[in-house]
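Okay, thanks everyone for coming.

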Amino acid sequence: MTRPLDSIDLNILRALQEDGRITNVDLAKRVHLSPAACLERTKRLHVEGYIQQFTALLDPVKLDAGLLVFVEVVLDRTTPDAFDDFRRAIAGMPEIMECHMVAGGFDYLVKARLKDMGEYRAFLGRFLSITRGVRETHTYPVMEEVKNVTAIPLP
């Protein structure tokens with residue numbers, strides 16, 4: 001059973017969003033708890049699903065993935081089977097970082113990271129060959145990342 005978050009829980013979540021590598025001792029000091037109580041709360045927040053995972057943010061340019069593109073995808077049909085087929089097809093494409101079904105003028109918004117425009121063209125060819133039922137795509141290469149954060153605003 002999930003209980004409501006209190007101010008200490010929110011402070012733990014804020015601190016972990018700022019620095020996921022913070023030690024439990026330092027986290028406990030920051031939120032004014034004993035290390036044992038802090039560890040217990042952190043484990044509970046994880047078990048209850050408030051903390052999904054711990055990860056490292058990597059530099060895409062240093063890792064030869066400096067081209068960021070967004071792709072609008074329009075499907076031929078908007079049926080449950082078509083949506084399932086599309087989801088299955090893109091699940092195995094590591095270049096795709098995010099994919100969102102959206103309401104509006106297109107069906108999906110895909111975010112992908114690639115080396116350069118040549119690699120994007122090859123990616124698009126693979127994408128179109130494995131995703132059945134794609135009627136059209138519109139690609140938007142990112143010229144400058146103005147803001148890119150992972151922290152969720154907390155009360």
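So, H1 passes H2 in a right-handed crossing. Bear in mind that this is a predicted model. The two axes, for H1 at residues 7-18 and H2 at residues 24-31, come within 10 Å and cross at roughly 130°. Angles from 65 to 115 degrees count as roughly perpendicular and those over 145 as roughly antiparallel, so H1 and H2 end up as oblique to each other. Which residues meet there? On the H1 side you've got Asn11, Ile12, Ala15, Leu16 and Glu18, and on the H2 side Leu27, Arg30 and Val31. Sort the residues of that H1 and H2 contact by class and you get five nonpolar, one polar and two charged.

A quick word on the bookkeeping, since I'll keep using it: two packed helices are described by the angle between their axes and the distance between the axes.

Okay, next pair. For H2 and H3, the axes come within 8 Å, and the crossing is roughly 100°. That puts H2 and H3 roughly perpendicular to each other. From H2 the contact takes Asn24, Leu27, Ala28 and Val31, and from H3 it takes Pro35, Cys38, Leu39 and Thr42. By class, this H2 and H3 contact has six nonpolar residues, two polar and no charged ones.

And then the remaining pairing of these helices, H1 with H3. Here the axes come within 11 Å and cross at roughly 80°, which makes H1 roughly perpendicular to H3. H1 brings Ile8, Asp9, Ile12, Leu13 and Leu16, while H3 brings Cys38, Arg41, Thr42, Arg44 and Leu45. The class count for H1 with H3 is six nonpolar, one polar and three charged residues.

While we're on H3: alanine 37 sits in that helix, which runs over residues 35-47. Is alanine 37 buried, exposed or partly exposed? Its relative accessibility is 28%, so alanine 37 counts as partly exposed. If you want a distance to check on your own screen, alanine 37 and leucine 57 are 20 residues apart in sequence and 28 Å apart in space, C-alpha to C-alpha.

Now some backbone angles. Most residues other than glycine have a negative phi. Histidine 32, though, has a phi near 60°, a positive value in a residue other than glycine. Where is histidine 32? In the loop between H2 and H3. At 71% relative accessibility, histidine 32 counts as exposed. Then there's aspartate 64, with a positive phi of about 60° although it's not a glycine either. Aspartate 64 is in the loop between H3 and strand S1, which is 67-75. With 47% relative accessibility, aspartate 64 is partly exposed.

Right, on to the strands. Valine 73 is in S1, and it's buried, at 0% relative accessible area. What does valine 73 touch, leaving aside neighbours within four places in sequence? Phe86, Phe106, Asp107, Tyr108, Val110, Phe127, Val134, Glu136 and Thr137.

Valine 110 belongs to strand S3, residues 108-114. At 1% relative accessibility, valine 110 counts as buried. Not counting residues up to four places away in sequence, valine 110 touches Val69, Phe70, Val71, Val73, Phe86, Ile96, Glu98 and Cys99. For glutamate 98, which is twelve residues from valine 110 along the chain, the C-alpha separation is 5.8 Å.

You'll find glutamate 95 in the loop between helix H4 (80-91) and strand S2 (96-101). Buried or exposed? Glutamate 95 is buried, with a relative accessible area of 17%; the cut-off for buried is under 20%. What joins the side chains of glutamate 95 and arginine 126? A polar contact of 2.3 Å. Beyond residues up to four places away in sequence, glutamate 95 touches Lys111, Ala112, Arg113, Leu114, Phe123 and Arg126.

That's my tour, so over to you for questions.

Notes
Residues numbered from 1 in each chain as written. Predicted model: local features only at pLDDT ≥ 70, side-chain atom pairs only at ≥ 80, totals over all residues. Heavy atoms only, no water. Axes fitted to C-alpha atoms, helices over the stretch in contact; angles between N-to-C directions. Helix = DSSP H or I, 4+ residues; strand = E, 2+ residues; numbered from the N terminus. Parallel < 35°, antiparallel > 145°, perpendicular 65-115°, else oblique. Left-handed = near helix turned anticlockwise from the far one by under 90°. Contact = heavy atoms within 4.5 Å. Nonpolar A, V, L, I, M, F, W, Y, C, P; charged D, E, K, R; others polar. Buried < 20%, exposed > 50% of the residue type's maximum accessible area, 1.4 Å probe, protein only. Polar contact = N/O pair within 3.5 Å; in protein donor to acceptor, adjacent residues only side chain to side chain.
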